Amino acid sequence: MKLKIKELREQLNKSQQEIANDLGLKIRTYQEIERGNNQANYETLIKLSNYFNRSIDYILDNINEKTYIPPKKK
């Protein structure tokens, strides 16, 4: 499963290492997910969705529109 996270990461001008650090993932894990060689678990999908402010469906490339998810109120 290839996710849209590479496209989203490049839009933010961030490296794979920066995203991995921000999400608390090992760099190798993030790289494998971005390449589609490893599937993200549900917890990681939620982290990606929140980080990129996109729906999980968008992250999974199930929809084309950039569905906005408002930030959680604390």
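Contact here means heavy atoms within 4.5 Å.

## Basis of the model

This is a predicted model, in which local features need pLDDT of at least 70 and side-chain atom pairs count only at pLDDT 80 or more, while totals for chains, interfaces and linings use all residues. Residues are numbered from 1 along each chain as its sequence is written, and side-chain values use heavy atoms, with hydrogens and water left out.

Helices are DSSP runs (H or I, at least four residues), numbered from the N terminus. A residue is called buried under 20% relative accessible area, exposed over 50%, and partly exposed in between (1.4 Å probe, protein chains only).

## Helix 4

The buried residues of helix 4 are Thr44, Leu45, Leu48, Ser49 and Phe52. Seen down the helix axis, they fall within an arc of 140°, so they line one face of helix 4. The arc is taken from the directions from the helix axis to the C-beta atoms. Tyr42 and Glu43, on the other side of helix 4, are exposed.

The cover over the buried residues of helix 4 includes helix 1, helix 2, helix 3 and helix 5. Leu48 is one of these buried residues. Leaving aside neighbours within four places in sequence, Leu48 is in contact with Leu3, Ile5, Leu23, Tyr30, Ala40 and Ile59.

## The nonpolar core

A nonpolar core is a set of buried Ala, Val, Leu, Ile, Met, Phe, Trp, Tyr and Cys residues joined through side-chain atoms within 4.5 Å. The largest one has 16 residues, and the members that touch the most others are Leu3, Ile5, Tyr30, Ala40, Leu48, Phe52 and Ile59. At least two residues of this core come from each of helix 1 (5-11), helix 2 (16-23), helix 3 (27-35), helix 4 (42-52) and helix 5 (56-59).

## Helix 2

Gln16, Ile19, Ala20 and Leu23 are the buried residues of helix 2. Viewed down the axis of helix 2, they fall within an arc of 100°, so they line one face of the helix. An α-helix has 3.6 residues a turn, so residues three or four places apart point the same way. Helix 1, helix 3 and helix 4 are among the elements covering the buried residues of helix 2. Gly24 follows helix 2 and has a positive phi, near 75°.

## Helix packing

Helix 2 and helix 3 pack at an angle of about 110°, with their axes 9 Å apart. Axes are lines fitted to C-alpha atoms, for helices over the stretch in contact, and angles run from 0 to 180 degrees between N-to-C directions. The two helices are therefore roughly perpendicular to each other, a label for angles of 65 to 115 degrees; under 35 counts as roughly parallel, over 145 as roughly antiparallel and the rest as oblique. In this pair, Gln16, Gln17, Ile19 and Ala20 of helix 2 meet Ile27, Tyr30, Gln31 and Glu34 of helix 3.

The axes of helix 2 and helix 4 come within 11 Å and cross at roughly 110°. The contact involves Ile19, Asp22 and Leu23 of helix 2 and Lys47, Leu48, Tyr51 and Phe52 of helix 4.

## Two residues of helix 1

Lys6 lies in helix 1 and counts as partly exposed at 41% relative accessibility. Lys6 and Gln31 are 25 residues apart in sequence and 9.4 Å apart in space, C-alpha to C-alpha.

Gln11 also lies in helix 1 and, at 43% relative accessibility, counts as partly exposed. Between Gln11 and Phe52 there are 10.0 Å in space, C-alpha to C-alpha, and the two are 41 residues apart in sequence.
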